[in-house]
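Let's take a walk through a protein model together. Keep the picture open while you read, and look for each residue as it comes up.

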Amino acid sequence: MVLFDYQPTRAGKHPKAFLTHFRGYLHVDGYSGYEGLPGVTLVGCWAHARRKFDDALKALPNSARSAGPTATEEGLDFCNRLFSIERSLKSVDPEHRKAERARRSVPVLDAFKAWLDDQAARAVPKSAFGQAVTYCRNQWLAIV
């Protein structure tokens with residue numbers, strides 16, 4: 001089900017009030033206002049994670065992009081590989097999809113996490129790339 005509730009602000013009180021009786025999984029974008037909802041498991045959004053790297057790539061000057069593969073492109077490639085796996089499993093039954101995710105996606109996720117941890121020590125935190133790395137690391141438990 002997709003449900004939209006408009007509120008004039010992003011204050012955390014709004015989702016808490018709206019979702020008072022909800023129990024289950026909630027697909028979210030990392031907004032801290034969803035944290036602490038009783039009986040709710042937050043599920044992160046890979047589209048948001050990927051978009052951070054896409055935005056970082058767009059922020060690079062053309063000279064940086066033409067100089068060869070960048071770390072930003074590497075991050076985007078990890079996301080694209082995971083999206084490709086999911087597309088290939090679109091019409092597969094849930095049990096087979098789970099097994100294939102374990103076989104094909106887990107190694108990509110493990111490599112991506114190691115890469116993120118390595119990049120965190122190098123990235124300028126306030127840069128678009130640094131923000132993409134930080135977002136993925138902060139959301140890791142929700143997106144895996």
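## Aromatic rings and salt bridges

Start with a group of rings: Trp-46, Phe-53, Phe-78, Phe-112, Trp-115, Phe-129 and Trp-140 make up one aromatic cluster. Before we zoom in, keep in mind that this is a predicted model.

The structure has 11 aromatic pairs. A pair of rings like this is described by how far apart the centres are and by the angle of the planes. Take Phe-78 and Phe-112: they form a stacked pair, with 4.9 Å from centre to centre and 25 degrees between the planes. Where do Phe-78 and Phe-112 sit in the chain? Phe-78 is in helix α4 (residues 71-88) and Phe-112 is in helix α5 (residues 94-120), so to find them you look at parts of the chain that are distant, 34 residues apart. Both Phe-78 and Phe-112 are buried.

Phe-112 has another partner as well, Trp-115. This pair is also stacked, at 6.0 Å centre to centre and 25 degrees between the planes. Why are Phe-112 and Trp-115 separated by about one helical turn? Because they are three residues apart in helix α5. Like Phe-112, Trp-115 is buried.

Rings can have charged neighbours too. Arg-10 lies over the face of Tyr-31, 4.0 Å from the ring centre. In another spot, Lys-52 lies over the face of Tyr-135, at 5.0 Å from the ring centre.

How many salt bridges does the structure hold? There are eight.

| Salt bridge | Closest N and O atoms |
|---|---|
| Arg-101 and Glu-86 | 2.7 Å |
| Arg-137 and Asp-117 | 2.9 Å |
| Arg-122 and Asp-118 | 2.7 Å |

Let's go through them one by one. The salt bridge of Arg-101 with Glu-86 links distant parts of the chain, since Arg-101 belongs to helix α5 and Glu-86 to helix α4, 15 residues apart. Arg-101 counts as partly exposed because its relative accessibility is 37%. Glu-86 is partly exposed too, with a relative accessible area of 31%.

Now find the salt bridge between Arg-137 and Asp-117. This pair also links distant parts of the chain: Arg-137 is in helix α6 (residues 128-143), while Asp-117 is in helix α5, and they are 20 residues apart. Arg-137 has a relative accessible area of 36%, so it is partly exposed. Asp-117, at 32% relative accessibility, counts as partly exposed as well.

Then there is Arg-122, which forms a salt bridge with Asp-118. Is Arg-122 exposed or buried? At 58% relative accessibility, Arg-122 counts as exposed. Asp-118 has 35% relative accessibility and therefore counts as partly exposed. Salt bridges can share partners, too: Glu-100, Arg-103 and Arg-104 are joined into one network that way.

## A nonpolar patch on the surface

Met-1, Leu-3 and Phe-18 form a nonpolar patch on the surface, and together they have about 420 Å² of accessible area. Phe-18 lies in helix α1 (residues 13-18). Its label is partly exposed because Phe-18 has a relative accessible area of 41%.

## Stepping back

Time to zoom out to the whole chain. The secondary structure comes to six helices and two strands. Going from the N terminus, the order of the elements is α-β-β-α-α-α-α-α. Along the principal axes, the C-alpha atoms fill a box of roughly 55 × 40 × 25 Å. Of the 144 residues in the protein chain, 31% are buried.

And how far does the predictor trust its own model? The chain averages a pLDDT of 94, and 100% of the residues score at least 70. Which helix has the lowest confidence, and which the highest? Helix α3 (residues 62-66) is lowest, at a mean of 79, and α5 is highest, at 98.

Conventions:
Residues numbered from 1 in each chain as written. Predicted model: local features only at pLDDT ≥ 70, side-chain atom pairs only at ≥ 80, totals over all residues. Heavy atoms only, no water. Patch = residues over 30% accessible without salt bridge, like charges linked within 9 Å, V, L, I, M, F, W, Y side chains within 5 Å. Areas by Shrake-Rupley, 256 points an atom, 1.4 Å probe, with all protein chains shown as cover. Salt bridge = Lys/Arg side-chain N within 4 Å of Asp/Glu carboxyl O. Helix = DSSP H or I, 4+ residues; strand = E, 2+ residues; numbered from the N terminus. Buried < 20%, exposed > 50% of the residue type's maximum accessible area, 1.4 Å probe, protein only. Phe/Tyr/Trp six-rings, centres within 6.5 Å; stacked < 30°, edge-to-face > 60°. Lys NZ or Arg CZ within 6 Å of the ring centre and 35° of its normal. pLDDT = per-residue confidence, 0-100.
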